[in-house]
Amino acid sequence: MAVHDQDPYSTNYVDADPAETQEWSDSLDAVIDERGRERGREIMLNLLKRSKERHLGVPMIPLTDYVNTIAPEDEPEFPGDEQIERRYRAWIRWNAAMLVQRAQREGVGVGGHISSYASQATLYEVGLNHFFKGYDHPEGGDQVFFQGHASPGNYARAFLLGQLGAEDLDGFRQQQSAAPHGLPSYPHPRQLREFWQFPTVSMGLGPLNAIWQAQANKYLENRGIKDTSGSHVWAFLGDGEMDEVESRGQLQFAANQNLDNLTFVVNCNLQRLDGPVRGNGKIVQELESYFRGAGWNVIKLVWGREWDDLFARDESGALLNLMNVTPDGDFQTYKAENGGFVRENFFGRDPKALELVKDYTDEQIWGLKRGGHDYLKVYAAYKAAIEHKGQPTVILAQTIKGYGLGPHFEGRNATHQMKKLTLEDLKNFRDQMHVPITDAQLEENIYQAPYYHPGADDEAIQYMVERRRALGGYVPERRSKYTQIALPEAKTYDITKKGSGTQPVATTMAFVRLLKDLIRSKDFGARIVPIIPDEARTFGVDAFFPTSKIYNPNGQHYLSVDRELLLAYKESAQGVINHVGINEAGAVGSFTALGSSYSTHGEFTVPIYMFYSMFGFQRTADSIWAAADQLARGFFIGATAGRTTLAGEGLQHMDGHSHVIASTNPAVVAYDPAYGYEIGHIVRDGIERMYGGEHPNPDVMYYITMYNEPIVQPAEPEGLDVEGLLKGIYLLRGTSASGPRVQLLASGVAVPWALEAQEILEREWNVAADVWSVTSWTELRRDGLAADEHNWTNPEEEPLTPFVTKRLAESTGGPVLGVSDYTHTLPDLIRQFVPGDYATLGADDFGISDTRPAARRFYKIDSHSIVVRALQQLAVRGEIDRSVVAKAIEAYDLHNPKAGTSGTAGGDA
Ligand SMILES: Cc1ncc(C[n+]2csc(CCOP(=O)(O)OP(=O)(O)O)c2C)c(N)n1
Ligand SMILES: [Mg+2]
């Protein structure tokens, strides 16, 4: 690919009248010279507007030359002491590399990354010395998303500041074995709770979550929950990382929301893990056009100050042209060679360019730096970014991967994964970093090369500490104190206790009614934020549109088509509902930012993210994992749940396994309730646990599945076993019948079929069945595993009994049968804790499009399948004759989906 193909102004460009063109060009120059750049820009914008009105088809400018956006003459004065700042930057860089080096010592060998931080150091340092605000800043703290695998740099800085000690650095990647000094590999707030704020190392989630963090900041402000106007969100990203769809997918959204409180800094070191990001092209140019097209303010930071003079003398444009046409692969190679090579292979390609450096030594040519390593240029870019209004800003900073680590590392394709410095590398690096460590110290054992700290009284350390003090404290730092608000009163949940009389109501609707009352509750209600990816009508949440309104920072500037209707679509800057569009990834981003506002801003919100259950855990489990790492709290509502309940939708929609995926996330507490009153207790328990201030582990996210099948909601039974309901199982309807006995365990929408099976068993086969509502298979499993571990590790203590074992021991006995609208895996999760014979039914395989009764019969999970399976269990035990089972199969025409009767028609999808 010819690099310039990206520029529509330069391809096949033929000028019909060069002299006239020159006159226009001269006029523009004159305006700029006399009236300034601003005026020049105004005229150009006006001309572009006019050209559009006259339909000239002039494309938007997607691309500028391969030079810095900010001209040297427009650079602000650098307010710091560059010499001092560079001095301790070198120490941080040394310690960061030694932390990884020492982690390779014998018997440890746990890995780590050296080269990424080496390329990032200046980008971080300028921010940490002059921009990033800590929690105690009078304007409030910033939120900084650090690049995950550059974490050794953050740890090394914390060491100089006294936040961490040398034992901590030596505990890198040995969280348990070096406890209490172990440090996690990457930014994990859950595992280093007072340090990291944002988990970023799953590439693509950092940029996405940073956008939603900025959105959440504006939301909190618009809603009057917290003044966040002084908080800025910074995200440090790799150029390779920008290939992730999650990195790019929300860019336009950020621009549409005018997120000028957000700055992306893309570290364009031109390399990713395996090799060049765009060997044949130019990643900075590509990202420039992409971001600009999405509506961002773009600042390119390509060259260091050493180039300024060359560009100033480049009257012919020869150097500029070389910059524009040289592909990244060559720029990478230059930095793996030497000054002479650059002279010959870069400047040498054009005699006029070569002429520019004729008086330069090879060393001087080698010393021509890249923008991302230059304090003055970085400072200018950051300042311009935070002062820019109305748009988010991206800074595209060109750097070198492995910068300063010597010829074995700099620009090498393998540099990303190189974790060890040789003795020679160490000596070179020590010299470059001016660290007072002797050859002998290095020679003793290269894996014990010492850290360097000059002592807290050192002038540079004092400067460094003072900079952080002036900016409001450490970054990163995480706090978790927040303003307490009284929880909703008990009566708020009353609506769920009454049942629905004779009216059939789906559990989704029962929940939405509860949500309405929760939002109305005093003080607390204002903290509840429904998040919806374009399914409000499906779930009945459109009922909230006129009162709660949809959040849009720009308000509503059009006449709504349904303004006369009761449920009119209302957008407002003070809107409560976070309607994210068809955008599950964004919805989790919003959930994460809002669910952790208790920590980032000291003010909690309660995100309630309602999604089409198939598109929740299946689609965005990695993001939900990151939300857990970030200790987000809130509710996931998997609506339209079940493999057979969402009538007719078929394969992509029918969720038969979200609970199984949810069970893999340790921070997710999942429930599959059958009735509204169960939901009432679960939601109340969740709110108390997360925001009540008393639970030892409040950092959880509740996942509750809801169905769209209308059923009569029973009133809450007298003497309900609330403890059992919350722990995962309670006896819903026992039996007083005589005859052989079975225990039916059912969850969610399967509970009504299990009750039907109970009746059939008694009426047609004289079998007595107890029916249990299993509200959470996954919590029962966790409880069982905990008891198990306690028992085998404490052999001499009284053994604990798992909750489900205990409850079932209170039953009338007989074989146990588990069923749900999910795969066998779900009821199988408790197998080892169920006393006696246990069989399960499940909707395995892909979802199909059909009616509910037919689908349930097809998977053999319906009431008649339960009956037959229970009879068969009794037959195996010799309690009834096997011929009875065969008779039942025939009587129910078991293999015929058309013979199914479990389930009603109706319900939205
Ligand atoms: C989703 C995901 N895929 C893969 C990785 C593994 N990985 C870690 S760093 C890296 C390369 C990063 O390159 P770049 O984004 O350019 O960052 P640099 O180190 O060059 O600054 C990869 C592939 C990951 N962390 N996350
Ligand atoms: Mg890179």
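Leaving aside its neighbours within four places in sequence, which residues is Trp91 in contact with? Here are some notes to read beside the model.

1. First, the ground rules. This is a predicted model, in which local features need pLDDT of at least 70 and side-chain atom pairs count only at pLDDT 80 or more, while totals for chains, interfaces and linings use all residues. Residues are numbered from 1 along each chain as its sequence is written, and chains are lettered from A and ligands numbered from 1 in the order in which they are written.

2. Back to Trp91. Apart from neighbours within four places in sequence, Trp91 is in contact with Leu160, Val435 and Tyr452; contact means that the C-beta atoms, placed from the backbone, lie within 7 Å. Trp91 belongs to helix H3 (residues 82-102); helices here are DSSP runs of H or I with at least four residues, strands are runs of E with at least two, and both are numbered from the N terminus. Trp91 counts as buried because it has 24 C-beta neighbours inside 10 Å. The cut-offs are 20 or more other C-beta atoms within 10 Å for buried, 12 or fewer for exposed, and partly exposed in between, with C-beta atoms placed from the backbone. His434 is 343 residues from Trp91 in sequence, yet their C-alpha atoms are 8.1 Å apart.

3. For the overall layout, the domain assignment gives domain 1 (3-61), domain 2 (82-304 + 369-470), domain 3 (492-712) and domain 4 (729-899). Such bounds come from an automatic or database assignment. The centres of domain 1 and domain 4, taken over C-alpha atoms, are 75 Å apart.

4. Next, a sheet. Five strands form an open sheet in the order S1-S2-S3-S5-S4, with parallel pairing; two strands pair if DSSP finds at least two bridges between them. Strands S1 (143-145) and S4 (297-301) stand at the edges with a single partner strand each, so one side of each has no neighbour in the sheet. On average, neighbouring strands are turned by 15 degrees against each other, direction ignored. S1 pairs with S2 (residues 233-238) over 3 bridges, and Gln143 stands opposite Val233 in S2.

5. Two helices pack on that sheet. Helix H4 (residues 115-130) touches S2, S3 (262-268) and S5 (393-398), and its direction makes about 155 degrees with that of S3. Helix H17 (residues 375-387) touches S3, S4 and S5, and makes about 175 degrees with S4. These angles run from 0 to 180 degrees between N-to-C directions, with axes fitted to C-alpha atoms, for helices over the stretch in contact.

6. The unreviewed UniProt entry places a "binding site" at Asp239, Asn269 and Gln271. Although spread over 33 residues of sequence, they cluster in space, with a largest C-alpha distance of 7.3 Å. UniProt annotations may be inferred rather than shown by experiment.

7. A closer look at two of these residues. Asp239 sits in the loop between S2 and helix H8 (245-248), and counts as buried with 26 C-beta neighbours inside 10 Å. Asn269 lies in the loop between S3 and helix H10 (283-293), and is buried with 30 such neighbours inside 10 Å. Beyond four places in sequence, the contacts of Asn269 are Ser119, Asp239, Thr399, Ile400 and Lys401.

8. Glu363, in helix H16 (residues 362-366), is exposed, with 10 other C-beta atoms within 10 Å.
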